[in-house]
Amino acid sequence: MKLLLASFLHPDLGNYISGRVLYIDDAASEMRDAPFAQAERKAIGEAAETLVPLTLSQTKSNDLQYEIASANCIYVASGEVFRLLNALRSTGADRLLTDAVKQGKLYAGSSAGAIIAGPSIEPASIMDDPKTAPQLTDYTGLNLTPHVIVPHAQGTTGPYSIEIISKTVQTYGREWNLLLLRDGQALLVDDEKSILI
């Protein structure tokens, strides 16, 4: 299994992501014009030979299966993690992604895309708003890593103040295996080895 889970845009991204990259953008589907969303898409586009943007909620199942099979890397973008999990579940993409990654496909994600790879997104409820997906009652993530990524841990990115990060750790640190990442940091998992880069 190969994972690259970043807080936001690791500086060595191009060393890990290449070829045909499936870019899943549901987390930022209502924020596509936001500077962070544009910067992320641009950076991934520069690293990829071919960038295939895809919004799960607007994609047919057969097309999704084809795009996952054709991709060298699946990149799940930043944004609202509850909206993202809802899109993954409602389209069946959660199972398709998990199967593809377990068969060796590189999964890369930033912020929401990194959080979703863990066992639960519940700890993100202090950082993001569960009301963006009110029908979502099960916060189980993709379980690709035992860590729950807490992005933007430097406490200076947008609304993610050091107080928000601290409250997340105080509230969920005993129950979940939290991994705090600053922007520019990532967890690299390759064949069951995990290192911070």
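Trainee: Why is strand β1 largely enclosed by the rest of the structure?
Mentor: Keep in mind that this is a predicted model. In strand β1 (residues 2-6), 4 of the 5 residues are buried, so the strand is largely enclosed.
Trainee: Which way do β1 and strand β10 run?
Mentor: Antiparallel, with 5 bridges joining β1 to β10 (residues 186-190). Leu4 has Leu188 as its bridge partner there.
Trainee: And β1 with strand β5, parallel or antiparallel?
Mentor: Parallel, over 4 bridges, with β5 covering residues 106-110. Leu4 stands opposite Ala108 in β5.
Trainee: New topic. How many residues are in the largest nonpolar core?
Mentor: The core has 40 residues. Leu5, Ile24, Leu56, Val81, Tyr107, Ile116 and Ile121 have the most contacts inside it. Helix α3 (residues 81-91) gives the most to this core, 6 residues.
Trainee: What is Ile24 in contact with, leaving aside its neighbours within four places in sequence?
Mentor: Leu54, Leu56, Ile74, Tyr75, Val76, Ala77 and Leu97. Another core lies apart from the largest one. That other core has 18 residues, among them Phe8, Cys73, Ala77 and Leu106.
Trainee: Now pockets. What volume does the largest one have?
Mentor: About 190 Å³.
Trainee: Which residues line the largest pocket?
Mentor: The lining includes Phe8, Met31, Phe36, Ser111, Asp128, His152 and Tyr160.
Trainee: How many of the lining residues are charged?
Mentor: 2 are charged, alongside 5 nonpolar and 5 polar.

Technical notes: Residues are numbered from 1 along each chain as its sequence is written. This is a predicted model: local features need pLDDT of at least 70, side-chain atom pairs count only at pLDDT 80 or more; totals for chains, interfaces and linings use all residues. Side-chain values use heavy atoms; hydrogens and water are left out. On a 1 Å grid over the protein atoms alone, a cavity is a set of points where a 1.4 Å probe fits but cannot get out, and a pocket is an open set with protein on both sides within 12 Å along at least five of seven lines; lining residues have an atom within 4 Å of a point. Grid points are joined across faces, edges and corners, and a volume is the space filled by probe spheres set on the points. Ala, Val, Leu, Ile, Met, Phe, Trp, Tyr, Cys and Pro count as nonpolar, Asp, Glu, Lys and Arg as charged, and the others, Gly among them, as polar. A nonpolar core is a set of buried Ala, Val, Leu, Ile, Met, Phe, Trp, Tyr and Cys residues joined through side-chain atoms within 4.5 Å. Buried means under 20% relative accessible area, exposed over 50%, partly exposed in between (1.4 Å probe, protein chains only). Helices (H or I, at least four residues) and strands (E, at least two) are DSSP runs, numbered from the N terminus. Contact means heavy atoms within 4.5 Å. Two strands pair if DSSP finds at least two bridges between them.
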